[in-house]
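Biologist: Before we discuss any label, I would like each one set against the rule behind it. Could you show me the model and then begin with the rule for burial?

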Amino acid sequence: MKFNLITSTITAGFLIVGVAANLSAETNDKQVQAIDLVEMFEKLGGKHPGFRKAHAKGMCAAGTFVPASNKHFTDSALLSSGELPVSIRFSVGGASPSSDEKAPGTRGMGIQIKLPDGSLHTFTGNNFPVFAGKDPETFLGFLSTFLPDENGNADPAKTMDFVQQNPSVLANVMWNQTAKTPASYANTAFFGIHTFYFEQPNGQKTKFRWSIQPSLGVKTLEKEDAIKMPTEFLADTFSQQLKEETVSFTIMASLGEAQDSDIDPSQQWPSERPQVSLGEVIITTSGGDACKNTNFDPNMMSAGFTPSADPVLRMRSPAYAISFGKRLSNQ
Ligand code: HEM
């Protein structure tokens, strides 16, 4: 594993990160608060009043959710209400509204489905399948290793030391090392990463993790092709695809077994777990600012669905709320 590679890909990838060599021990000793993470994003990506404190650059879209029929979720309002309207936001990771679209790294998709009774069901995922840390403390410690010193330089050795002492960030680091630039939001798969439950009216619980698979297939750009792209190409590529073909995504649920962790987003489940479809999201429009004031909080779900006790998932609601409040008040 090479320092420079890790540093560049991780920086482009998640957000930006870090602090002193022994910070991991310090942050692991105290319970991290959502504001600590939001402030870390701002330290790494700069303060951008009015913008999301993560995934600041993005594009709205809208469409229709066409539910699938499967025995694990049949009784849910989400799958038994017919076709439903969907608000979507695609994004590039990072706190800066000018994040680099040509760089490999994080892309996000937020889906908010509106049910007939007005309730909302949210799926907010990234293109990496595993999280950088087993808990918010580890994640914050990892990010802190990317903070520059007084001369403006980050020290890759700090990141390397942290990874060695905190193996739960390793799978995400390895993903970042091989990640390529996504060719289009329409050619990207997104992962929910955390564990969720659906409880049937008879009390039977389904334990699952979801992913979002693009109907047009996953496509990435080699480095030499990515650098030839216009500075901003994601919105135009997407709207061109929408004119020429059907752009849709299938929301898949991977069904967990008892031994699959429901609290650790740094541990992937075995790929052979059964996969069932929750339904298809068919995109009808892109652009505009209909999603500007939406909070794609992944814990906002329709009746019968519940989040697991994953501490990273739990941390997301207060962090998104802080960011939402800040951006609405132009902070
Ligand atoms: C402790 C961990 C995390 C923290 C503190 C965090 C924080 C944030 C914040 C503050 C925002 C901006 C919210 C807003 O202003 O509306 C955001 C957006 C987002 N995050 Fe996270 N996040 C975390 C983990 C994750 C994970 C695990 C995923 C993917 C599975 C993810 C995917 C996204 C996406 C796609 C967006 C953009 C949503 C939109 O377009 O509005 N985040 N995150």
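Modeller: A residue is called buried if 20 or more other C-beta atoms lie within 10 Å of its own, exposed if 12 or fewer do, and partly exposed in between. Please keep in mind throughout that this is a predicted model.

Biologist: With that rule in hand, what makes helix 4 "mostly covered"?

Modeller: Eight of the eight residues of helix 4 are buried, and these are P136, E137, T138, F139, L140, G141, F142 and L143. Helix 4, residues 136-143, is also one of the elements that give two or more residues to the shell around the ligand.

Biologist: Which residues of that shell are the closest to the ligand, and how many surround it?

Modeller: The ligand is surrounded by 29 residues, of which R52, H55, R89, G108 and S323 are the closest. Besides helix 4, the elements that contribute two or more residues are helix 3 (34-45), strand 2 (84-92), strand 3 (107-114), strand 4 (120-126) and helix 9 (311-328). Helix 9 gives the most, with eight residues, and by class the shell holds 13 nonpolar, eleven polar and five charged residues.

Biologist: Why is H55 called buried?

Modeller: H55 has 27 other C-beta atoms within 10 Å, and because the rule asks for 20 or more, H55 is buried. H55 is located in the loop between helix 3 and strand 1, and its phi is positive, at about 55 degrees, although H55 is not a glycine.

Biologist: Where does I193 lie, and why does I193 count as buried?

Modeller: I193 belongs to the loop between strand 6 (190-191) and strand 7 (196-199). It has 23 C-beta neighbours inside 10 Å, and since the threshold is 20 or more, I193 counts as buried. The phi of I193, which is not a glycine, is likewise positive, at about 70 degrees.

Biologist: What makes E272 exposed?

Modeller: E272 has 7 C-beta neighbours inside 10 Å, and because exposure requires 12 or fewer, E272 counts as exposed. E272 sits in the loop between strand 10 and strand 11, and its C-alpha atom is separated by 9.8 Å from that of L255, 17 residues away along the chain.

Biologist: How do you know that the radius of gyration of the protein chain agrees with that of a compact globule?

Modeller: For 331 residues a compact globule would have a radius of gyration near 20 Å, and because the protein chain has 19 Å, the two agree. The C-alpha trace spans about 60 × 45 × 40 Å along its principal axes, and buried residues make up 44% of the 331 residues. Of the contacts with a separation of 6 or more, 79% join residues 24 or more positions apart.

Biologist: Where does pLDDT stay under 50?

Modeller: It stays under 50 over residues 1-27, for which the model has 77 contacts beyond four places in sequence. Where pLDDT is low, the predicted coordinates should not be read in detail. For the protein chain, the mean pLDDT is 92, and 91% of the residues reach 70 or more.

Methods:
Residues numbered from 1 in each chain as written. Predicted model: local features only at pLDDT ≥ 70, side-chain atom pairs only at ≥ 80, totals over all residues. Near = placed C-beta within 6 Å. Helix = DSSP H or I, 4+ residues; strand = E, 2+ residues; numbered from the N terminus. Nonpolar A, V, L, I, M, F, W, Y, C, P; charged D, E, K, R; others polar. pLDDT = per-residue confidence, 0-100. Contact = placed C-beta atoms within 7 Å. Rg over C-alpha atoms; globule rule 2.2 N^0.38 Å.
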